[in-house]
Amino acid sequence: MAIDEKTIVEAVSGLGIRGNEEGLIPAFGLHLTQHFADYYNRISFAVARDLEGSGLEEDARALLVEAGHVCAFNTFGGIMQSAEWEAVVAPMIQTREDWIRGMVAVVNAFGWGVWRIEDLAPGKELRISIDNAYECTGWVRDYPIGKNARCYLATGGVSGLMNLLYVGDITQRPTLDEDYYRRLFRGSDHFVAEETKCLARGDARCEIVARRPL
């Protein structure tokens, strides 16, 4: 059975995922959070805008992408080891690459935009396009089109997918601890993602490419 995104989206949507009185969502063996996309957007964009022109612009971008690494590590990594993953996605997995296809289907169920795998070269490169990504749509609503890409969290998420699968081998159910995180994102063979197209730069949609540095 190949990965059936429609079935995964319907299954995840049927889990009744919603925040409790503390705004936390206990699901996938994790505690996810529920808040407005604008809450995150305005904080991250304020950091980026405040440091633009200061000489620390690239540092700001790196910090915001690092937040995406942490999100991918805990959220994607946790989901891939959850009972829900075993029940819904795992029975469809036939190849190592299906782990990424399955996780992208789960992302689409979360409503973080419409992610599509444009190219997946095993162990080499992942190219994801995103329509209606919440970061860039928030940017173009509130700020002018500019020269910089703005999907920081998604960029960290895409490199996180490749690192979880090809650097850390999430299929072996490793412990998600600090040592494992450093192996994924600090090792010499880790993947780095770049947002090559972005709505915030005037492109029709966003595109993020993860590959190992040359």
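This is a predicted model: local features need pLDDT of at least 70, side-chain atom pairs count only at pLDDT 80 or more; totals for chains, interfaces and linings use all residues.
**View A. Helix 2 against helix 6.** Here residues 37–51 (helix 2) pack on residues 134–142 (helix 6), with the axes 10 Å apart and an angle of about 70° between them. Angles of 65 to 115 degrees count as roughly perpendicular, so that's the label this pair gets. The crossing of helix 2 past helix 6 is right-handed. On the helix 2 side, look for Ala37, Asp38, Tyr40, Asn41, Arg42, Phe45 and Arg49; helix 6 brings Tyr134, Glu135, Gly138, Trp139, Arg141 and Asp142. Sorted by class, the contact of helix 2 with helix 6 has 6 charged, 5 nonpolar and 2 polar residues.

**View B. Helix 3 against helix 8.** Helix 3 (residues 57–79) and helix 8 (residues 178–186) sit with their axes 11 Å apart, at about 130°. That makes the two helices oblique to each other, and this crossing is right-handed. Glu66, His69, Val70 and Phe73 of helix 3 meet Tyr180, Tyr181, Leu184, Phe185 and Arg186 of helix 8. The tally for this contact is 6 nonpolar, 2 charged and 1 polar.

**View C. The largest nonpolar core.** This core has 61 residues, and Ile100, Met103, Trp115 and Leu161 have the most contacts inside it. As background, nonpolar side chains in soluble globular proteins tend to be buried together.

**View D. Zooming in on Trp115.** Leaving out residues up to four places away in sequence, Trp115 touches Val104, Val107, Asn108, Ile128, Ser129, Ile130, Ala154, Val158 and Leu161. Leu161 is also among the core residues with the most contacts, as is Trp115 itself.

Notes: Residues are numbered from 1 along each chain as its sequence is written. Side-chain values use heavy atoms; hydrogens and water are left out. Axes are lines fitted to C-alpha atoms, for helices over the stretch in contact, and angles run from 0 to 180 degrees between N-to-C directions. Helices (H or I, at least four residues) and strands (E, at least two) are DSSP runs, numbered from the N terminus. Angles under 35 degrees count as roughly parallel, over 145 as roughly antiparallel, 65 to 115 as roughly perpendicular and the rest as oblique. A crossing is left-handed if the near helix is turned anticlockwise from the far one by less than a right angle, and right-handed if clockwise. Contact means heavy atoms within 4.5 Å. Ala, Val, Leu, Ile, Met, Phe, Trp, Tyr, Cys and Pro count as nonpolar, Asp, Glu, Lys and Arg as charged, and the others, Gly among them, as polar. A nonpolar core is a set of buried Ala, Val, Leu, Ile, Met, Phe, Trp, Tyr and Cys residues joined through side-chain atoms within 4.5 Å. Buried means under 20% relative accessible area, exposed over 50%, partly exposed in between (1.4 Å probe, protein chains only).
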